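Welcome, and thanks for taking a look at this model.

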Amino acid sequence: MGESLYSLSSIIKTTPNTVPIGKLHGKVLDISGLSATVSGMHGFTGVGDRVTIKALDGRDITAEIVAFRSNYAVVMAYDSLEGIGAGCPVIFPLYKKEEREQLAGATLRINDSWLGRVIDPTGQPMDGKGPVLPGGKPQKLHASPPQAASRARLGPRIDVGVKAMNLFTTCRQGQRLGLFAGSGVGKSTLLGMLARNTACDIAVISLVGERGREVREFIEDDLGAEGLARSVVVVATSDTSALMRREAAYTALSAAEYFRDQGKSVLLLMDSVTRFCQALREIGLSAGEPPATRGFPPSVFATLPRLLERAGPGPMREDGKAGQITALFSVLVEGDDQNEPITDAVRGILDGHIIMEREIADSGRYPAINVLKSLSRSVPGCNSDEENSLIREARAILATWDDVKDLVRLGAYKQGADPKADVAIHIGPVLEELITQRKNEKVSLDDAFAHLRQILRVQDHN
Ligand SMILES: Nc1ncnc2c1ncn2[C@@H]1O[C@H](COP(=O)(O)OP(=O)(O)O)[C@@H](O)[C@H]1O
Ligand SMILES: [Mg+2]
């Protein structure tokens, strides 16, 4: 394959930049389920290449090669395969070898006009506010993470405006956290609060596989006009193809990298990684992979770290500064299944996790974060000694309060039985009140620590 490409490019040396030097013509052989088999593509195409299928009604349908069987390419469409039949022509533009390398994989020209917009994974606006401006450097959608050695260190701690997180999972610029929760526990609301309140330059929000109604509610109610103004929202709803849902994650990461490379502090919010993995599963199974781990083919667990690793500190720039992508990836945990493979994989890759629980939401405490089960690996390094001891003390009180809460409610606890429990019964509810926050309320990191200090100091003097 390499040899034939080489000879082709050496024959036609004078071709101007990035103009195809010819076209490869193939045909759809058969279609089953979500994929089609195509002849005439082997030798010049590889997995990940995009081809065009001419549908019976004359439409051009973009498809991607996901596998080869013998000499036949297996393709999936970005749209539906409806209107495509056996015998439909398939076209792949041929480029010179060296240009092909530059063009390998899909690219988008992301630019500043994406700010404040809702965009689909192919870069088309979805908000009816007119076209986004053309231009900008082509940004690779499936880029590799920066080399570990060239990456800057984590930045200073970042104020996310949410008390429970600022205090108990203090986060640094460039850190990547997982947000684990079932549906309806308050994920979208929390992500909206973070998008509006976090002290960052730009928020990039990727909504993967949500229903159209949920997307609208998120943008209008949770994010709001003020949040949207400094955000790029990339959306693929649940009714789009698996390729589109996968690309919603990649396009968002590329947009985040575009702003990071300007030296900006970017907040990336992805809802949800589970739906991204489900899209990868559909693609992998159609390509003929075995369903290895609870229906997920092995490629999912190879692809996932490469996506998540793209967030984090950027490479050091010439001016000695580096942009940062601070990221929060949501994971759907249905029925409290901690052995669920995606939960397991994501938890292992990221630098911390935030756990939201239905029982807490049911009790009316929002955001429904279980701070005792949540952890940020950059704490205690980013806080002062005094702040760390405040947090240790608060955690200990909350843990004891958790233990005795039920006894107290049943009236089975006798005041004075255990001095630690007495303190917890007194202070525990006050601390729970402290980390409760209305969705339109913003509390700075310093104010949150000041309030915590006040609660614990008063307790010390009693
Ligand atoms: N901070 C909050 N304050 C008050 N109510 C909240 C808060 N967060 C979530 N809720 C309630 O929980 C419901 C579900 O939240 P949502 O963010 O849509 O959950 P998810 O995205 O996890 O499905 C909301 O309709 C709202 O009533
Ligand atoms: Mg939601």
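This is a predicted model: local features need pLDDT of at least 70, side-chain atom pairs count only at pLDDT 80 or more; totals for chains, interfaces and linings use all residues.

**The chain as a whole**

- The protein chain contains 13 helices and 19 strands.
- Along the principal axes, its C-alpha atoms fill a box of roughly 90 × 50 × 40 Å.
- Of the 462 residues in the protein chain, 44% are buried.
- Among contacts with a separation of 6 or more, 71% are between residues 24 or more positions apart.

**Domains and where they touch**

- The domain assignment divides the protein chain into domain 1 (20-103), domain 2 (107-382) and domain 3 (386-458).
- Taken over C-alpha atoms, the centres of domain 2 and domain 3 are 31 Å apart.
- Contact between these two domains involves 17 residues of domain 2 and 19 residues of domain 3.
- On the domain 2 side, α3 (163-168) and α4 each supply at least two of the touching residues.
- The largest share of that side comes from α3, with five residues.
- Sorted by class, the side of domain 2 that touches domain 3 has ten nonpolar, four polar and three charged residues.

**The α4 and α5 pair**

- Helix α4 (residues 187-197) and helix α5 (residues 212-229) have axes that come within 9 Å and cross at roughly 5°.
- An angle under 35 degrees counts as roughly parallel, so α4 is roughly parallel to α5.
- From α4, the residues that take part in the contact are S188, T189, L191, G192, A195 and R196.
- They meet F218, D222, L223, G224, E226 and G227 of α5.
- By class, this contact of α4 with α5 is made of four nonpolar, five polar and three charged residues.

**Backbone spots to check**

Most residues other than glycine have a negative phi, and most peptide bonds are trans. Here are some places to look at with that in mind.

- The peptide bond that joins D271 and S272 is cis, with omega at about 5°.
- S272 belongs to the loop between β15 (265-271) and α7.
- A cis peptide bond also runs from Y366 to P367, where omega is near -10°.
- P367 lies in the loop between α10 (358-362) and β19 (375-376).
- S70, a residue other than glycine, has a positive phi near 50°.
- You will find S70 in the loop between β4 (60-69) and β5 (72-77).
- Is S70 buried or exposed? S70 is exposed, because it has 6 other C-beta atoms within 10 Å, and a count of 12 or fewer qualifies as exposed.
- R294 has a positive phi too, near 45°, and is a residue other than glycine.
- The loop between α7 and α8 holds R294.
- R294 has 11 C-beta neighbours inside 10 Å and therefore counts as exposed.

Methods
Residues are numbered from 1 along each chain as its sequence is written. Chains are lettered from A and ligands numbered from 1 in the order in which they are written. Axes are lines fitted to C-alpha atoms, for helices over the stretch in contact, and angles run from 0 to 180 degrees between N-to-C directions. Helices (H or I, at least four residues) and strands (E, at least two) are DSSP runs, numbered from the N terminus. Angles under 35 degrees count as roughly parallel, over 145 as roughly antiparallel, 65 to 115 as roughly perpendicular and the rest as oblique. Two residues are in contact if their C-beta atoms, placed from the backbone, lie within 7 Å. Ala, Val, Leu, Ile, Met, Phe, Trp, Tyr, Cys and Pro count as nonpolar, Asp, Glu, Lys and Arg as charged, and the others, Gly among them, as polar. Domain bounds come from an automatic or database domain assignment. A residue is buried if 20 or more other C-beta atoms lie within 10 Å of its own, exposed if 12 or fewer, and partly exposed in between; C-beta atoms are placed from the backbone.
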